[in-house]
Amino acid sequence: MSYAIFDIELTRPLPGLSLPAERTGLAVLARHAGVPVAFWLEQRGERTGVTAAELAREIASRAGVQLVARAVREELGAPAPARALPALTIAICTRDRPEGVARLLDSLAVLTKPEAGAGHVEILVVDNAPSDERTRALIDSRSEVRYVREPRPGLNFGRNRAVAEARGELLAFLDDDVVVDRHWLAGLAEAWNENPDAAAFTGLVLPLELETEAQILFERRGGFRRGFDKLRFGPELPGNPLYPGGAGIFGTGANMTFRTAALRELGGFDEALDTGAPVPGGGDLDIFYRVIRSGGPLVYEPRCLVFHLHRRELPGLRRQYRKSWGLGFMVYVSKCLRTDPERRGRLLGLIGWWFLHEAWQLVRSAVGRHALPPSMIVGELAGGVVGLLGGYGRSLRRTERIRLEHP
Amino acid sequence: MTGFARWEVLHLELRDSLPDLEPRDGLGGYRVVFWAGGVPLGHCDYPVELLPLRAPALRAAAPMAVAPVVGSHLLGRGFVAPWPVPWERQPRVAPDDLDAVLGLSSPLARLVGQLDAPDEAAPAGDVSLVVCTRDRPEALARCLASLERLDPAPGEIVVVDNSPANDATRRVTGRYPGMRYVAEPRPGLSVARNAGIRASRGAFVAFTDDDVGVPPAWIGRLRAAFRDPEVLAVTGLVLPARLDTRARLAFELGGESWGYRSVDFDERFFAATRARGVPVWRIGAGANMAFRRHVFDLVGPFDERLGAGASGCSEDSELWYRILAAGHRCRYEPTAVVFHEHRAGWDELRSQMYLYMRGHVTALLIQFTRHGHWGNLYRLFVSLPAYFARKTAGRMLGHAGPASLPLSPRVLGSLAGIVWWARYGLRR
């Protein structure tokens with residue numbers, strides 16, 4: 001099972017898409033002058049391809065409103081005076097994945113060349129408790145990249161090391177399994193210009209490849225996509241009584257940027273979340289929650305696009321549903337229950353909503369109307385139950401032990 | 001009224017520089033209405049929790065807020081608004097012409113140019129404008145002052161003084177030599193409107209109320225919407241003049257949003273919604289409506305059992321019901337925009353809600369007896385009780401905000417509507 005991915009530019013004549021025989025489906029990313037306006041997946045069915053006319057109709061239907069908005073935006077012009085992006089630190093927290101880091105650095109090299117018009121950009125690789133020297137060796141060959149080692153294992157230990165080391169006014173975090181789009185930096189500059197008061201920025205995440213069943217399943221369930229509209233989140237979201245607790249409404253930790261000062265004021269990331277194998281999630285949800293609770297605002301900018309390499313194997317995906325989302329999410333919610341008593345009612349409502357939502361997904365999956373098999377949803381539910389039953393306390397104790405081991 | 005903070009209505013021309021929205025003491029939020037050259041394009045609500053909002057962020061949010069409306073003006077098909085009845089299944093409308101969408105450049109300038117084009121700006125000399133009023137001379141004076149600035153001007157303006165207590169209305173009208181004063185001693189808005197129809201001569205009759213202010217282009221835009229000969233009635237957008245009291249805010253946020261795209265209400269709409277009661281109250285408001293004069297010969301004048309001073313309201317929507325039932329068409333045209341002073345006091349709002357529902361229920365029963373359409377009874381005995389049950393449950397769960405519309409006067413008003421109909425509705 002594999003899908004071909006097409007990247008279509010609307011300012012050029014549309015091509016017809018022909019599907020090689022070995023592909024079981026296709027995914028289309030449509031952009032206008034580089035700005036993403038639509039993305040969709042299609043199973044192959046009887047088709048061997050898509051004609052240019054069919055493609056045009058599909059794009060018009062999905063992105064027509066965005067394209068009109070684009071024309072209006074162009075007519076209104078950019079905000080004046082334009083504010084240049086301040087000094088930016090891009091932190092890549094990684095562990096034993098030098099090939100991923102190399103891929104990401106290659107994509108960043110295109111953006112941060114001085115002739116690309118970027119301001120001062122510092123790239124910082126945080127090598128988190130590595131089991132070998134491959135990442136250090138890689139960075140040694142790249143003079144423009146700073147290398148630091150964080151011996152305490154856990155993604156949020158690594159992120160906090162970046163918070164301590166960063167010299168930029170803005171601090172971006174990119175996971176070692178993403179590649180940035182060529183407009184990522186321009187998108188960040190645009191969001192910064194439009195939201196001079198924002199504390200955090202997130203962006204669109206699309207699949208880097210759809211080569212396996214696991215990757216296609218994940219993307220068909222919505223992946224990390226968050227839409228093609230600019231969004232701005234403040235302390236309240238009218239109409240959402242559970243706000244700001246929901247999962248994934250703000251974006252994802254694979255692609256997030258903060259005002260460094262805001263992160264330092266908040267005390268950085270919670271080291272008992274995103275701890276690697278025991279609790280491989282919740283760290284991004286928690287920092288977004290705290291940014292919003294401290295006044296925000298948080299801005300989602302679809303032009304800040306990265307491509308994410310999804311898990312290739314089904315067992316990996318299954319583990320991700322159980323631990324990253326089920327367990328990680330509930331550990332994060334139970335942490336919020338401890339630390340934010342003012343929002344207890346909303347958080348309990350969120351827990352209730354989550355279990356109902358998962359139960360409904362399970363029902364739909366059982367009758368064959370869901371992309372995921374029931375076993376994965378059961379796994380996610382089980383992870384949630386484990387997380388809720390003292391998961392945060394256990395993680396705090398583990399984290400304390402790690403701190404003692406690495407004085 | 002603890003905890004209420006006034007909202008401010010901001011009208012912003014998109015192509016000008018936009019302001020920063022700052023929080024202020026005692027400010028509950030901003031209703032921001034986006035315009036391009038006198039064409040309303042959409043609004044965003046910013047409660048104070050979301051402030052401050054700097055101009056660049058507002059400018060970033062505006063294009064998406066107005067895009068469907070800009071599309072409907074310039075590209076039509078594919079951007080057509082659905083009927084404002086979300087509970088009905090409707091075919092999905094989506095843009096299908098990519099070249100047309102990609103070809104848009106400077107859409108706002110084009111849109112303004114299109115509306116100002118000579119063949120679009122209809123003269124309004126064949127329109128008679130009727131304003132019915134009752135003992136509200138101060139409000140009327142403000143209304144007439146705005147009517148005098150209409151450009152193009154209507155052929156005539158008739159002020160109907162309904163069952164007046166004194167001669168204040170006559171004196172106010174007398175200040176405007178171009179306006180005609182007509183006294184109607186029998187009380188009732190429908191009676192007064194029918195008197196206005198009889199006293200006027202234009203091929204089109206437009207109505208507004210004494211608590212309304214209009215921009216100069218209003219009557220021309222209303223008139224232009226009659227280009228389609230099948231359209232017998234036109235309504236327009238009613239925006240709040242101010243949201244400075246809890247009652248006004250509740251009325252605006254708790255009521256129906258009218259939208260900024262035109263809508264055709266035709267025989268398909270009637271057929272699709274008939275089984276559950278045609279939601280004619282979603283077509284428009286009596287404060288901003290017009291008819292071809294021959295409508296009144298075709299389907300009759302306003303029903304004098306309905307409306308303020310009689311059942312309470314719905315004399316406008318009941319007439320639209322007759323027009324649709326006879327196979328004709330009504331059009332909602334939001335470029336014809338007026339500004340309405342909602343009721344300021346909470347008690348006034350409560351009694352207005354009571355009268356609205358009494359009038360609504362009476363109209364349902366009159367529509368049922370006149371046409372034999374059972375959907376009216378479905379609305380009365382199934383949809384409305386279910387709606388009230390949902391709202392009551394919501395209140396018990398604490399979902400009502402400080403700006404929720406009062407519920408009990410609406411329930412009582414509905415019951416009173418049945419009684420009213422039994423007492424007066426059976427007379428002809």
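This is a predicted model: local features need pLDDT of at least 70, side-chain atom pairs count only at pLDDT 80 or more; totals for chains, interfaces and linings use all residues.
**A tour of backbone features in chains A and B**

Most residues other than glycine have a negative phi.

Next, remain in chain B and select B:Leu51 together with B:Pro52. The peptide bond joining B:Leu51 to B:Pro52 is cis, with omega near 0°. To place B:Pro52, look in the loop between strand E3 (39-47) and helix H1 (55-74) of chain B.

Then move to chain A, where the mean pLDDT is 93 and 98% of the residues score at least 70. Colour the chain by confidence: among its elements, strand E9 (residues 170-175) of chain A has the highest mean pLDDT (98), and strand E5 (residues 49-50) of chain A the lowest (88).

Select A:Ala129, in the loop between strand E7 (121-128) and helix H3 (134-140) of chain A. Here phi is near 45°, a positive value in a residue other than glycine. A:Ala129 counts as partly exposed, because it has 17 C-beta neighbours inside 10 Å.

Finally, select A:Gly296 and A:Pro297. The peptide bond from A:Gly296 to A:Pro297 is cis, and its omega is near -15°. A:Pro297 belongs to the loop between helix H8 (283-293) and strand E14 (298-308) of chain A. Most peptide bonds are trans.

Methods:
Residues are numbered from 1 along each chain as its sequence is written. Chains are lettered from A and ligands numbered from 1 in the order in which they are written. pLDDT is the predictor's confidence in each residue, from 0 to 100. Helices (H or I, at least four residues) and strands (E, at least two) are DSSP runs, numbered from the N terminus. A residue is buried if 20 or more other C-beta atoms lie within 10 Å of its own, exposed if 12 or fewer, and partly exposed in between; C-beta atoms are placed from the backbone.
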